[in-house]
Amino acid sequence: MEKYNLAIAPGKYIQGENVLYTQEKIVSDFGHRVFLIGEEFILKKFSHQLDSLLRRKTVFSELFNGECSKKEIERLLRLVEKMRAEFVVGIGGGKALDTAKAVGYHAQLPVVTIPTSAATCAAWTALSAIYTEDGKARGYLILDRCPEVVLVDTRIMANTPVRYLVAGMADGLAKYYETMAYTGGKASSLTVEMAIKSAQSIYNAVFEIGLTAARDNVEKKLTPALTRIVESNIMLAGLVGGIGGEGCRAAAIHALNNGFTQIPQTHNYLHGEIVAFCSLVQLFLEGKRKELEKLNSIYKKLRLPRNLKDIGLESVPLSPRARSKRAGTLKRLLEKVVKYACSPQETMSNLPQEVSEKMLYNAVIEVDQLGQQ
């Protein structure tokens with residue numbers, strides 16, 4: 001008989017235009033003393049909405065330092081305990097939300113997440129991606145539950161630069177490709193079947209209305225297409241892992257992404273942007289050339305990374321004669337990337353075939369060259 005231990009979903013997922021102005025009551029049961037975590041510019045930009053949401057609360061605001069690291073979590077945890085906070089609110093991007101979730105988990109307090117973009121599904125999930133102080137991936141903290149409340153203001157999403165929305169589409173597509181690689185498209189249980197269907201819904205949404213949603217986002221129009229992609233990027237992507245559990249694991253894409261975080265050249269790029277390139281590499285490893293070409297095509301339209309230059313590295317020159325000392329430097333960087341990606345703590349082994357460091361290195365080079373064409 002199947003055994004399940006799933007943190008499937010938040011207690012409440014509330015999405016809509018200007019919802020932060022109307023949900024004061026939803027957080028009233030958590031207590032009076034709230035610990036608010038966010039980057040300085042985020043707290044200033046959305047101060048009016050936060051004041052409305054948290055009025056009549058005693059609010060202790062603390063600036064997030066930019067990395068969801070063990071040191072940062074411990075720093076904020078000490079402050080939560082000192083302030084005798086009764087619940088935690090995180091606002092911002094994925095790393096800020098992951099940090100808030102981790103702090104709430106260790107302090108055994110309710111957590112409310114408020115994403116300011118649809119670039120990841122971090123607002124939903126019962127895990128926090130952990131990094132070093134200088135941005136290198138260092139594994140995951142698995143939480144016992146999803147946040148109590150997720151508040152998604154679609155007006156905020158419409159006014160966020162389109163770069164974040166399309167990065168979220170790439171991250172969502174990665175959920176599909178990794179789910180299909182790990183399961184082979186076959187469900188071992190009803191929950192995994194539901195996760196596969198959710199992943200397929202993400203895939204369909206991106207290819208059917210992704211371009212329309214991106215254009216609407218550029219024009220700051222809140223439309224059905226944009227709303228559906230926001231739901232896909234946050235809710236459906238989060239649901240895949242939540243309901244799939246151990247039956248839907250990450251594979252080559254996130255392993256390689258974590259490898260790229262080991263070098264500073266990629267640190268100015270969004271998680272979904274790095275993942276976009278890594279998805280192409282996984283498809284190459286799987287021998288799915290037609291799907292790789294299809295993905296490359298929509299990436300080009302969405303202006304997502306298709307080669308190494310697009311994620312901060314020098315691409316390998318197409319002409320052998322043009323290759324120079326830069327190629328040697330790139331080789332050393334990529335060797336570091338693939339070494340980490342293929343290390344035992346990563347998820348490369350979740351691909352159905354064995355992948356060596358040499359195979360992965362060659363796949364990165366091949367995809368880079370395809371992406372230059």
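His106 comes out as partly exposed, because its relative accessibility is 41% (buried is under 20%, exposed over 50%, partly exposed in between, with a 1.4 Å probe and protein chains only). This is a predicted model: local features need pLDDT of at least 70, side-chain atom pairs count only at pLDDT 80 or more, and totals for chains, interfaces and linings use all residues. Residues are numbered from 1 along each chain as its sequence is written, and side-chain values use heavy atoms, with hydrogens and water left out.

His106 sits in helix H4 (a DSSP run of H or I, at least four residues; strands are E, at least two; both numbered from the N terminus). Beyond its neighbours within four places in sequence, His106 contacts Ile73, Leu77 and Leu141 (heavy atoms within 4.5 Å).

Now H4 as a whole. Its buried residues include Leu97, Asp98, Lys101 and Val103. Among the elements covering them are helix H3 and strands S4 and S7.

Next, the pair H9 and H10. Their axes come within 8 Å and cross at roughly 130 degrees (lines fitted to C-alpha atoms over the stretch in contact, angles from 0 to 180 degrees between N-to-C directions). So H9 and H10 are oblique (under 35 degrees is roughly parallel, over 145 roughly antiparallel, 65 to 115 roughly perpendicular, the rest oblique). Which residues of H9 meet H10? Ala252, Ile253, His254, Leu256, Asn257 and Phe260.
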